[in-house]
Amino acid sequence: MLRTAAGVGLTLLGVSLVVFVLMRVVPGDPVAMMIPPGASPADVQRLYAFYGLDRPIAAQYGLWLSAALRGEFGTSISLKQDVLGLVLARLPATLELGAGAMALALWLGGAAGVLSASAHGRWPATLVDGAAALVQAVPDFLWGLVFILLFGVWWTWLPISGRIDPMLAFDAHSGFLFAESLLRGRWDVTASVLSHALAPALALGLPVAAMVARVLKASMQEALAADYVLLARLKGLSPLRVLLAEALPNALTPTLQLSGVQFAFLLGGTVLVERLFSYPGIGSLAIQAVVARDLPLIQAIVLTFAVLFITINLLVDALTRWLNPRLRAAGR
Amino acid sequence: MTQPKSMPMPKHQPTHQPTPQCAQRRRFLHQSGLAIAALGGSGPLAALAQTQGTLTMAYNVDLPSWDPTVGPSAVNPTIQSLYKAVFAQFIDQNADLSLRPDLLTKWGWNADKTQVSLTVRSGAKWHDGTPVTAEDVAWSLRRAGDSKTGNPIQFLWSKLANIQAQGDTVTADVKEYEPALFKWMAFLTGYVLPKAYFEKVGPAGFEKKPVGCGPYQVLEFVQGSHLKLQAFKDYAGPRPAFETVLVKFTTDPSARVAELQAGRSDLTLEVPYEEAERLKAKGFGASIAPVSDIGMIFLSNVGPMRDDKVRQALAMAIDKKGLAGKLLKGHVKPIDTLQAPGYAAFDASITAPFDPKKAAALMAEAGYTRDKPLRFKVQTTRGFKPKDFEVMQAVAGMWKAIGAEVELEVYEVAKHFELRAQHKLAPAAFYNWGNAIGDPSTSTGFAMFSHSPHSAWKDPKGLDAMIGPLWGEKDEARRIAGYKAVDRHIAAHALVIPLFQYSQTVVYRKGLKFTPHGAGFVLPQAVGRA
């Protein structure tokens, strides 16, 4: 446990250092974008000093790190608000969207993988494999554009911007609108949040679903050829039971591990998809921050993504150990 | 932020609730068809934007801050339309950029221009119901000139001192004469804020619950998502056509077009010219009108650009009319100075003719031919302004024909500003220049004066000697004539290459009326019913 905590700490420290240095080395100066037309060199220098950008990078990082360890991540240059507050206000939207997209991906990919494995060599498998290849080849933001056109313009089934119908009055106590509306029985809000999230979640989840389908199919084929499955068949179990009760549980571990990694990448995909759907999450905030070269905000957002990546991987590791008796035993 | 229990508001993002009463809220919800909009499906959702009394706008930028006088958003031209819906300026602007009263009904200098006198409109009220006073105006001016508040135009406002309010009049001493002072009062950061309220709640409280005296008050604001405005019943000016306005922050242009096509928004702006034409053909209303924004090629006085003949040749080689007609479908106007038509110092007689033969001859005189070309780097944005990269590719082709081979480098907006401030732009660099007040000091002045951090051509002896005296010129006719002379000098020596005046696209559903504004404002209060 201690080793894990130390590893996490070191990783975050490394990420923060790399991002801090990179953002100050790459072209694009936030102060240059703010210099008023009549500013004198002294005025410009005052602006640099105001944002603490007049010191050497090492000193700037030291100041940032000591403040960050106290839970202070500074003030956004462009939004003039507390960075931590901004990130925490937007994070729940992205987490709900990501979780929804992952749920869709697992459901669609899982069904496709099982179908393809069970119909191996026949046309349904060929169809599923072809569809998976196509879906995987198209990036998430392109799916987003396709869904905007299909569901937003042609058929007008779904809203294509925002997170909730702005006309709905909902006295939310948290940023988790979907979860909270469910708990409070506000079905109108739940429906609105779902309808707003469906298209972006599909755009994010489809490429992951294709990946899940392919890996699950391969694992299932391996499992279906194993002795214990042969034994189950000889025992006279129905093909469906053999598939779902015998082969599937054993094929899940690699799929689960892959899903963890994919979930982390999926969250990275929210940057473009959220912008496309005007979804007020941390992804769209990231674009805003980068365009404005809002250094404190970029730093906090990247760190948040890093924490999410690490947390997801730790959870997947724990889940894999829990699901796999051999790993569980080795852990003891 | 505390909220009355009778007015449930989302707390998931920063929200604002000014003074609307419960009944207003219910009317708002009733008018906007809340009851049918929640459960999805095409019918109710598509009907949302059509709700009577509500104007839904798909807006191209998010609103970063509610204080229109400080921070980067204070100098972002696109955000000004939203600020102008909620706050009043000292002075307002007509569509042709001329000035008209806003909170000030009269303004002027004394005889020797050492004092200003401002008359404040009587009867105006803040959104919290308190009266707007001359002291609010005086305090706003004092605050703008205070370096501690972070007003980006503080250098200008600080030219006023001893700002006093008496009755409905505000007077101030002029420390340093600023010819465009009153124009600036209709421009960036020229807003009047409520002194008593601001001092009571502080900057953070003001961000949470902004109070202005403009035609709309803020009903709800969810950063990154939407803004709800409600017509202010005590507004001193004409009542807007729409009782409520819903602004959806939709930064992606394709999503904005989809919003309009799907009937979820009534109006959107800043879509590509082709999209505006296409939507117009489909029956939408579309305005593609010139605004105070130009595209230009900054030339830096480095390397080959020091040669007068090279610069003149490069300028002469560009077929602006051809580019405007073929590449930009006639939606931009070719210009030869940094003044667009309608600007105070625009002079149609100053021209930079297209003459590729003479351009090639000048290049040959400078020692460059197609076989022995001049090579240099050119920077350009891509997708920032209409067809910017394509225009610069075409320009590169035109330059190649006269013996100049260029390497095109795409840069981001942030990088442009950094390089410009450090005087490290490539010898030629494409960018735009907005000038909502149309004054020559805010175009030629700031773009070409060496001491300006935004100039690329640094000529402390020649050009500065011409521009320098104009900053404080008290005779307006002489000042304008002076800038015209500067522009003529710049055009003759090709110290910068102005390209086009851009147009702004605004597309809206049938049944709406939109009047374009020269400064590019898309004001909710200026949208009416056809």
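How many bridges pair strand β4 and strand β5 of chain B, and in which sense? The views below come from a predicted model.

View 1. Strand β4 (residues 104–109) and strand β5 (residues 115–120) pair in the antiparallel sense, over 5 bridges. Gly108(B) stands opposite Ser117(B) of β5(B). The hairpin of β4(B) and β5(B) has 5 residues between its strands. Lys113(B), in this hairpin, takes a positive phi near 60 degrees. β5(B) also pairs with strand β7 (residues 169–174) of chain B, again antiparallel and over 5 bridges. Here Val116(B) has Ala172(B) in β7(B) as its bridge partner.

View 2. Strand β2 of chain B spans residues 91–93 and holds Asp92(B). Asp92(B) counts as buried because its relative accessible area is 13%, under the 20% cut-off. Its side chain makes a polar contact of 2.9 Å with the side chain of Lys84(B). Beyond four places in sequence, Asp92(B) touches Lys84(B), Ser98(B), Leu99(B), Arg100(B), Pro101(B), Asp102(B) and Ala186(B).

**View 3. Two non-glycine residues with positive phi.** Leu97(B) has a positive phi of about 75 degrees, although it is not a glycine. Leu97(B) sits in the loop between β2 and β3 (99–101) of chain B. At 12% relative accessibility, Leu97(B) is buried. In chain A, Thr156(A) is not a glycine either, and has a positive phi of about 45 degrees. Thr156(A) belongs to the loop between α6 (140–154) and α7 (177–183) of chain A. Its relative accessible area is 13%, so Thr156(A) is buried.

View 4. Pro194(B) lies in the loop between α7 (181–184) and α8 (195–208) of chain B. With 2% relative accessibility, Pro194(B) is buried. Its C-alpha atom is 8.4 Å from that of Val137(B), although 57 residues separate them along the chain. Outside four places in sequence, Pro194(B) contacts Trp126(B), Asp136(B), Trp139(B), Phe206(B) and Val211(B). Lys195(B) forms a salt bridge with Glu135(B), with the closest N and O atoms 3.3 Å apart. This pair links distant parts of the chain: Lys195(B) is in helix α8, Glu135(B) in helix α5 (residues 134–145), 60 residues apart. Lys195(B) is partly exposed at 23% relative accessibility. Glu135(B) is partly exposed as well, at 27%.

**View 5. A salt bridge between chains.** Arg275(A) forms a salt bridge with Asp252(B); the closest N and O atoms are 3.8 Å apart. The pair crosses from helix α10 (residues 239–276) of chain A to the loop between β10 (244–249) and α9 (253–261) of chain B. Arg275(A) is partly exposed, at 25% relative accessibility. Asp252(B) is buried, at 10%.

**View 6. A salt-bridge network in chain B.** Lys183(B), Asp439(B), Glu476(B) and Arg479(B) are linked in a network of salt bridges. Within it, Glu476(B) bridges to Arg479(B), with the closest N and O atoms 3.0 Å apart. Both residues lie in helix α18 (residues 476–493) of chain B, 3 residues apart, about one turn of the helix. Glu476(B) is partly exposed at 34% relative accessibility, whereas Arg479(B) is buried at 1%.

**View 7. A nonpolar surface patch on chain A.** Leu17(A), Val21(A), Val25(A) and Ile57(A) form this patch, with about 290 Å² of accessible area together. Helix α1 (residues 2–25) of chain A supplies the largest share, 3 residues. Leu17(A) is in helix α1 of chain A and is partly exposed, at 40% relative accessibility.

Terms used
Residues are numbered from 1 along each chain as its sequence is written. Chains are lettered from A and ligands numbered from 1 in the order in which they are written. This is a predicted model: local features need pLDDT of at least 70, side-chain atom pairs count only at pLDDT 80 or more; totals for chains, interfaces and linings use all residues. Side-chain values use heavy atoms; hydrogens and water are left out. Helices (H or I, at least four residues) and strands (E, at least two) are DSSP runs, numbered from the N terminus. Buried means under 20% relative accessible area, exposed over 50%, partly exposed in between (1.4 Å probe, protein chains only). A polar contact is a pair of N or O atoms within 3.5 Å; within protein, one must be able to donate a hydrogen and the other to accept it, and residues adjacent in sequence count only if both atoms are side-chain atoms. Contact means heavy atoms within 4.5 Å. Patches are made of residues with over 30% relative accessible area and no salt bridge: like charges are joined within 9 Å, nonpolar side chains (Val, Leu, Ile, Met, Phe, Trp, Tyr) within 5 Å. Accessible areas come from the Shrake-Rupley method with a 1.4 Å probe; for residues, only the protein chains shown count as cover. A salt bridge is a side-chain nitrogen of Lys or Arg within 4 Å of a carboxyl oxygen of Asp or Glu. Two strands pair if DSSP finds at least two bridges between them.
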